[in-house]
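The sequence and the model are shown next.

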Amino acid sequence: QVQLVESGGGLVQPGGSLRLSCAASGSIFSVFVMGWYRQAPGKQRELVATITSGGNTNYANSVKGRCTISRDNAKNTVFLQMNSLKPEDTAVYYCNAAVRSTAGPVVGYWGQGTQVTVSS
């Protein structure tokens, strides 16, 4: 069993910053792509950013230049630094990871989500 635990969400004023963290734990053999997605009320879940184990990154156009995704492979942890936050960034942010457990195939796992609210 693999668990993803997110932290770092909260309330921030427009123009502010937040750093989200997500740690994978459990019966892990290796972690491949990790990423962040978000879901605003009444909208579908959308990609924010992904990062491979080799450090290759991909960002949604809406966050390019404002967000930076990074990871610590030794700790199976992924981070999302968000700057210049806008009210439209308000959403529940979910961590996702493609994990090969010690038991077998690669499976995608989701965290429980962390709320980010950008408001004055």
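## Fold and basis of the description

Read along the sequence, the chain follows the pattern β-β-β-β-β-β-β-β-β-β-β, with eleven strands and zero helices. These elements are DSSP runs numbered from the N terminus, where a helix is H or I with at least four residues and a strand is E with at least two.

The model is predicted, and local features are reported only at pLDDT of at least 70 and side-chain atom pairs only at pLDDT 80 or more, whereas totals for chains, interfaces and linings use all residues. Residues are numbered from 1 along each chain as its sequence is written, and side-chain values use heavy atoms, with hydrogens and water left out.

## Dimensions, surface and charge

The chain has a radius of gyration of 14 Å, in agreement with the value near 14 Å that a compact globule of 120 residues would have; the radius is taken over C-alpha atoms, and the globule rule is 2.2 Å times the number of residues to the power 0.38. Along its principal axes, the C-alpha trace spans about 45 × 25 × 20 Å. Of the contacts with a separation of 6 or more, 55% join residues 24 or more positions apart, a contact being heavy atoms within 4.5 Å.

The accessible surface of the chain comes to about 6,200 Å², and carbon and sulfur atoms hold 49% of that area; such areas come from the Shrake-Rupley method with a 1.4 Å probe, and for residues only the protein chains shown count as cover. Buried residues make up 42% of the 120 residues, where buried means under 20% relative accessible area, exposed means over 50%, and partly exposed lies in between (1.4 Å probe, protein chains only). The chain carries 10 positive and 5 negative charges, whose mean positions are 5 Å apart. In this count Lys and Arg are positive and Asp and Glu negative, while His and the chain ends are not counted; the charge is placed at NZ of Lys, CZ of Arg, CG of Asp or CD of Glu.

In soluble globular proteins, nonpolar side chains tend to be buried together. Here the largest nonpolar core has 32 residues, and those with the most contacts inside it are Trp36, Ile69, Val78, Leu80, Met82 and Tyr93. At least two residues of this core come from each of β1 (2-7), β3 (18-26), β4 (28-39), β5 (46-51), β7 (67-72), β8 (77-82), β9 (91-101) and β11 (114-118), and β9 gives the most, with five residues. A core of this kind is a set of buried Ala, Val, Leu, Ile, Met, Phe, Trp, Tyr and Cys residues joined through side-chain atoms within 4.5 Å.

Ser101, in strand β9, is buried at a relative accessible area of 14%. Ile28, found in strand β4, counts as buried at 19% relative accessibility; with neighbours within four places left aside, its contacts are Val2, Asn76, Val99, Arg100, Ser101 and Thr102. By contrast, 38 Å separates the C-alpha atoms of Ile28 and Ser119, which are 91 residues apart along the chain.

Ala91, also in strand β9, is buried at 3% relative accessibility. Ala91 and Ala40 are 51 residues apart in sequence and 4.2 Å apart in space, C-alpha to C-alpha. Residues up to four places away not being counted, Ala91 touches Arg38, Gln39, Ala40, Thr114, Gln115 and Val116.

## Loop residues and backbone angles

Most residues other than glycine have a negative phi, and most peptide bonds are trans. Asn76, in the loop between β7 and β8, has a positive phi of about 50° although it is not a glycine. Ser84, in the loop between β8 and β9, likewise has a positive phi of about 50°, and is partly exposed with a relative accessible area of 42%.

Gly16 lies in the loop between β2 (10-12) and β3 and is buried, with a relative accessible area of 17%. Not counting residues up to four places away in sequence, Gly16 touches Met82, Asn83, Ser84 and Leu85.
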